[in-house]
Amino acid sequence: MKNNWSKEELQEISKAEEFYIGPANESENKNSIIRICSVVLNGSVYVRGNKGRRSHWYQTAVIRGSGRISIAGLTRDVIFEAIDKNSVIEQIDEEYKKKYQGHGYLNWLLSESARSGTLKIVPKKVVRTRED
């Protein structure tokens, strides 16, 4: 799938310690938003939750395949892609170490549980952007 992040969006995501993510929720037909940690690797955005594949939001994201993220005044509809390639997971680990070094939650970001729940976030379209 084509990566449609702009250079500016990737810079904002790289700088932000967390952003908001919400997989589409079929029971309420709306998004259930949570804060989550993200990293950028080779022009792609990745996230993982501390409970990995057991996280309710992860399960919903995988089942529904889409949702919405919000960061620094930008909101995007996105597609979620599960990542299970060890070589990519290890590179993502290194980005988490760089970005979240010194944070108390770095250990859970690198846990086997969290690593198993790594998702790639692929943008669909711009929903709303901040006003400059």
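Tyr96 and Tyr100 both belong to helix H3, which spans residues 86-100, and they sit four residues apart, about one turn of the helix. The model described here is a predicted one. In it, both Tyr96 and Tyr100 are buried. A search of the whole structure for aromatic pairs finds four. Tyr96 and Tyr100 form one that is stacked, with 5.8 Å centre to centre and 25° between the planes.

**Overall layout**

The protein contains five helices and seven strands. Along the sequence these follow the pattern α-β-β-β-β-α-β-β-α-α-α-β. Of its 132 residues, 45% count as buried. The accessible surface comes to about 7500 Å², and 44% of that surface belongs to carbon and sulfur atoms. Among the contacts with a separation of 6 or more, 70% are between residues 24 or more positions apart.

|---|---|---|---|
| H1 | 7-15 | Glu9, Leu10, Ile13 | Lys7, Glu8, Lys15 |
| H2 | 56-64 | Trp57, Tyr58, Thr60, Ala61 | His56, Ile63 |

In H1, the buried residues are Glu9, Leu10 and Ile13. Seen down the axis of H1, they fall within an arc of 100°, so they line one face of the helix. In H2, Trp57, Tyr58, Thr60 and Ala61 are buried. Viewed down the axis of H2, these buried residues fall within an arc of 165°, so they too line one face of their helix. After H2 comes Gly65, which has a positive phi, near 80°.

Glu9 has a relative accessible area of 10%. Buried means under 20%, so Glu9 counts as buried.

**A hairpin**

Strand S5 (residues 66-71) and strand S6 (residues 74-82) run antiparallel and are joined by six bridges. Ser70 stands opposite Thr75 in S6. The two strands, S5 and S6, form a hairpin with two residues between them. Ala72, in the turn, has a positive phi of about 50°.

In soluble globular proteins, nonpolar side chains tend to be buried together. The largest nonpolar core in this model has 19 residues, and Ile21 and Ile121 touch the most other members. At least two residues of this core come from each of H1, strand S1 (19-25), strand S3 (34-41), strand S4 (44-48), H2, S5, S6 and strand S7 (119-128). H2 gives the most, with three residues.

What does Ile121 touch, not counting residues up to four places away in sequence? Its contacts are Trp5, Ile21, Val45, Val47, Ile69, Val78, Ile79 and Phe80.

Methods. Residues are numbered from 1 along each chain as its sequence is written. Side-chain values use heavy atoms; hydrogens and water are left out. Buried means under 20% relative accessible area, exposed over 50%, partly exposed in between (1.4 Å probe, protein chains only). The arc is that of the directions from the helix axis to the C-beta atoms. Rings of Phe, Tyr and Trp (its six-membered ring) pair if their centres lie within 6.5 Å; planes under 30 degrees apart count as stacked, over 60 as edge-to-face and the rest as tilted. Two strands pair if DSSP finds at least two bridges between them. Contact means heavy atoms within 4.5 Å. Accessible areas come from the Shrake-Rupley method with a 1.4 Å probe; for residues, only the protein chains shown count as cover. A nonpolar core is a set of buried Ala, Val, Leu, Ile, Met, Phe, Trp, Tyr and Cys residues joined through side-chain atoms within 4.5 Å.
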